[in-house]
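Here is a short report on one protein chain. Please keep the sequence and the model open while reading.

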Amino acid sequence: MTSFDTIAAISTPAGEGAIALVRLAGAIALDIADKIFRGKGKPSAFASHAQHFGEIIDKPGRMIDQVVLSVHRAPASYTGEDLVEISCHGGTLVSAKVLEACLQAGARAARPGEFTERAFLNGKMDLTQAEAVIDLIRAKTDLALRSATEQLEGRLGAQIKKIRAALVDLVAQIEASIDFPEEGINPDEGDKLCARLDSIRGDIGELLATAHQGRILREGVRVVIYGATNAGKSSLLNRLLGYERVIVSETHGTTRDTIEEMISLRGVPIRLLDTAGLRRSTNKLEREGIARTERSLQTADLLLHIVDRNAPKPAHFANPARNGNEIVLLNKSDLSEHADWKNFDALRISCATGEGIADLEKEILVRISKGNLRSESTVAINTRHRDCLRHALEACDRGRETMKNGLAAEYIAVDLNDALLAIGEVIGAVDVEQILDSVFSQFCIGK
């Protein structure tokens, strides 16, 4: 376990509540608790993982609050160090006073994420699990929550470690043949060596394929509602949200800015953006809103193009079949349809009555599924993982090309060591000594 100074922080959100939690972690956490806790016994003598009622006091010995205190002894704690948790009343001032008592007794204020950072540095979790903590906190849908939970349990880390172990074994054998030729250790030759590397490349590729799903789970599918003024864009947003979020008016140009809200469709987070209506305008504010609409269209995962089916079809109106990320919606199906729209391939809805909205939600999920988002697959890498894995795959590809060209084993080892470094960065395990360990465990080298 790495030795650190002792830190303290309020672990619950700011504001008023029934309970606030103040944490202490580090070498003198128990000593600090002894100084500020008054009750039946000293925290340093308490059994681990048991709660005790008492008072937190300031330096003159005045009571700050009645609390419940628990001790979590190293290494069986979140950070792997001695850790103290103080549950006090949830007022803003009282929790601040309890924290201040901890700091005056010898702790320092923790940096953002420092408790989880220490858990990683003390080997309680790998980097993917540490990242899952914040994903768990930020999850807005069941699918995102399940993905974060499984990553916290180590599912992604286990897959990375499996790839890394296979790569370590391959590099170890190649480097052994370079460094100890007298032992007669040679790397697998020809097709067999390539097959082992191809298997590693395939596993990396499978994880890279989840990057899109990872972005969606963490950020949501960006669905932009656009169309002409008074087509029903804001009404559609309200209908999908299930409440009146946006002002709806028959006056053209009511919406002048992009409005964003989040919904969940069968566990998939959807970021709905209601945009300013597209039309020619001399109003400066409305023109800026239209410009923002056009920018939103460029970054959308899915477009909902809503039109008024009572009005004539605009000239050069595109067929939705030509664009896989666009759904055309003919709104106001509760009213008569203009002849121009006869037999036109589009979803017909009514924002006023709700007709067709269920079909729209199904179609949104169908389009998302075509983008490889699968509810049964919860392993999903983030942007950092993607960049590391891309680097690793590129290095493996170079190594594969080096093998194909019949170059010396030293050149292959350079490329695969580069891949190994990138893979290790995913879980925070960058340690070339593991290659040496693998060599000495498999071969009788250095007698």
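Start with I327, a residue of strand β12, which spans residues 326-331. The model is a predicted one. I327 has a relative accessible area of 2%. The cut-off for buried is under 20%, so I327 counts as buried.

Which residues does I327 touch, leaving aside those up to four places away in sequence? The list is L302, L303, L304, H305, L347, L360, E363, I364 and R367. One of these contacts, L302, is 25 residues from I327 in sequence. In space the two C-alpha atoms are 7.8 Å apart.

## The six-stranded sheet

Strand β12 belongs to an open sheet of six strands. The order is β9-β10-β8-β11-β12-β13, and the pairing is mixed. Which strands stand at the edges? They are β9 (259-265) and β13 (347-348). Each has a single partner strand, so one side of each lacks a neighbour in the sheet.

Inside the sheet, β12 runs parallel to strand β11 (residues 302-308). Six bridges join the two. Within this pair, V307 stands opposite L330 of β12. L302, the residue 7.8 Å from I327, falls in the residue range of β11.

## Strand β1 and its two partners

Strand β1 (residues 7-10) pairs with strand β2 (residues 17-25). The sense is antiparallel, over four bridges. I7 has A25 of β2 as its bridge partner. Together β1 and β2 make a hairpin, with six residues between the strands. In the turn, G15 has a positive phi of about 115°.

β1 also pairs with strand β7 (residues 108-109). Here the strands run parallel and two bridges join them. A8 stands opposite A109 of β7.

## Helices α4 and α5

Two packed helices are described by the angle between their axes and the distance between the axes. Helix α4 covers residues 127-138 and helix α5 covers residues 142-152. Their axes come within 8 Å and cross at roughly 155°. Angles over 145 degrees count as roughly antiparallel, so α4 is roughly antiparallel to α5. The crossing of α4 past α5 is left-handed.

On the α4 side, the contact is made by T128, Q129, E131, A132, V133, D135 and L136. On the α5 side, L145, A148, T149, Q151 and L152 take part. What is the make-up of this contact by class? There are six nonpolar, four polar and two charged residues.

## Helix α9, largely enclosed

Helix α9 spans residues 233-241. Seven of its nine residues are buried, so the helix is largely enclosed by the rest of the structure. The buried residues are K233, S234, L236, L237, N238, L240 and L241. G242 follows α9, and its phi is positive, near 90°.

## Backbone points in the loops

Where does the cis peptide bond from A74 to P75 lie? P75 is in the loop between β5 (63-72) and β6 (83-90). The omega of this bond is near 0°.

Two residues other than glycine have a positive phi. For H49 the value is near 65°. H49 sits in the loop between β3 (37-39) and β4 (51-57). Its relative accessible area is 48%, and H49 is partly exposed. For K332 the phi is about 70°. K332 lies in the loop between β12 and β13. It counts as partly exposed, at 24% relative accessibility.

## The chain as a whole

The secondary structure comes to 14 helices and 13 strands. The protein chain has 447 residues, and 46% of them count as buried. I327 is one of the buried residues.

How much of the contact set comes from residues 24 or more positions apart? Among contacts with a separation of 6 or more, such pairs account for 62%. The sequence separation of I327 and L302 is 25 residues.

Conventions:
Residues are numbered from 1 along each chain as its sequence is written. This is a predicted model: local features need pLDDT of at least 70, side-chain atom pairs count only at pLDDT 80 or more; totals for chains, interfaces and linings use all residues. Side-chain values use heavy atoms; hydrogens and water are left out. Two strands pair if DSSP finds at least two bridges between them. Axes are lines fitted to C-alpha atoms, for helices over the stretch in contact, and angles run from 0 to 180 degrees between N-to-C directions. Angles under 35 degrees count as roughly parallel, over 145 as roughly antiparallel, 65 to 115 as roughly perpendicular and the rest as oblique. A crossing is left-handed if the near helix is turned anticlockwise from the far one by less than a right angle, and right-handed if clockwise. Contact means heavy atoms within 4.5 Å. Ala, Val, Leu, Ile, Met, Phe, Trp, Tyr, Cys and Pro count as nonpolar, Asp, Glu, Lys and Arg as charged, and the others, Gly among them, as polar. Buried means under 20% relative accessible area, exposed over 50%, partly exposed in between (1.4 Å probe, protein chains only).
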